[in-house]
Amino acid sequence: MRAVLVTITASSLLSSAALAQDTDYRGLWVSTPYPSIEVAPGDDISFSLTVHNANRPPQRVALSVLDAPEDWDVRLLGGGKPVGAVFVGPDATANLQLELEPPAGTAKGEYSLTVRAAGSSDRFDLPLEVVIGETPPAKLELDPELPILPGTPDTAFRFNVELENGTGEDALIALSADAPPGFQVSFKERFGSQRLSSVAVEAGRTQGLEIEVRPPQGTEAGRYPVTVRAMAGEVAATTELMLDVSGQPALRLTAPGELLSGRVEAGEQTPLQLVLQNTGSAPAQGVRFSASQPQGWEIEFEPETVPVLPPGERVEVRALVTAPAEAIAGDYMLTLRANADAASANSEFRVTVRTSTLWGIVGLVVIAAAVAVLALAVMRYGRR
């Protein structure tokens, strides 16, 4: 039954609370939490009843409904089955359900009836009232737990939203969202993993949803609204979620012309030109430089640190590379890094080592001397 409004009205008879407080009360009585209820046309009507036997011997109690509106279907149920009487022991109770079903087309208004309980020596009448009012409009509701969430451009913003089906019938509810360009929105059931484009919700029930929103990389700091929409036929509901995106630095370390290579002389300090960029949306604070290089190599940076690099700005840096004098000519890989408090970047540089001309001449002299010694040896010992 779809409950619209439940009210309690005063009765000329003793209330349940008053009877319970009077420890000297003796007799048979019937109570219900809500003796007057208001429903919409077409709704089922139900009263929870309790038969009390206070300070009386066990007895069989006959039950009847008096003065019910004409053509109404009236059912007294005990344990889910129709009953006409209950048995209650001393100071015991029995629980019942009174169900009423007005005929189609019943007019709005107030309707009265009486439940009578008759025991061996006592009788008790409980007046009840049903008010048939306006049919509530069909509706859906979206209720976010937290409509505004903070984060960065790398954050997956996850909103918990309750979807209530107030259409009066089971419905397959379509889900959609309007978000800024580049923002990705997905729907899942609360604690679920499967992405949804619609969800089935029973009439009068609520379904928990998790709505995930991912902003694109490089999103600038600011607030970004996302409108979520739920639709079941002609009935729709919307709610607005807000992403409070704070700026985040993003570093990029490269070289002029994107040429990540260079040449160095063995035993000499050679500068490599670098370019550090902040492609993020917030300043990079306290950028420090470091490197991974072959054993025996030395690398220094000028400047050693960059205190602040605003978003969209770049700065030139030099890596002073010294290969050992005995380094063999060839290609070597250097890893150069830039690290800030909230961002980092690294690049691989290929460095070609050249040995000096002097060492080449020395090498040739050594080779020539070896050849001469070998020739003399052949001439001297070859005649024997």
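Tutor: Before we start, contact here means heavy atoms within 4.5 Å. This is a predicted model, in which local features need pLDDT of at least 70 and side-chain atom pairs count only at pLDDT 80 or more, while totals for chains, interfaces and linings use all residues. Residues are numbered from 1 along each chain as its sequence is written, and side-chain values use heavy atoms, with hydrogens and water left out.

Student: OK, which residues is T106 in contact with, leaving aside its neighbours within four places in sequence?

Tutor: With those neighbours set aside, T106 is in contact with W72, Y111 and I132.

Student: And where does T106 lie?

Tutor: T106 lies in the loop between β9 (92-101) and β10 (109-118), where strands are DSSP runs of E, at least two residues, numbered from the N terminus. The T106 side chain also reaches the backbone oxygen of P103 at 2.6 Å.

Student: Switching topic, what is the strand order in the open sheet of 5 strands?

Tutor: The order is β2-β4-β9-β6-β7, with antiparallel pairing, and two strands pair if DSSP finds at least two bridges between them.

Student: Which strands stand at the edges?

Tutor: β2 (27-31) and β7 (81-82) do, each with a single partner strand, so one side of each is left without a neighbour in the sheet. For β2, 5 bridges join it to the antiparallel strand β4 (residues 45-54), and V30 has V51 as its bridge partner there.

Student: What about β24, how many of its residues are buried?

Tutor: In β24 (residues 269-278), 7 of the 10 residues are buried, meaning under 20% relative accessible area with a 1.4 Å probe, protein chains only. β24 pairs in the antiparallel sense with β28 (residues 314-322) over 9 bridges, and L276 stands opposite V315 in β28.

Key
Helices (H or I, at least four residues) and strands (E, at least two) are DSSP runs, numbered from the N terminus. A polar contact is a pair of N or O atoms within 3.5 Å; within protein, one must be able to donate a hydrogen and the other to accept it, and residues adjacent in sequence count only if both atoms are side-chain atoms. Buried means under 20% relative accessible area, exposed over 50%, partly exposed in between (1.4 Å probe, protein chains only).
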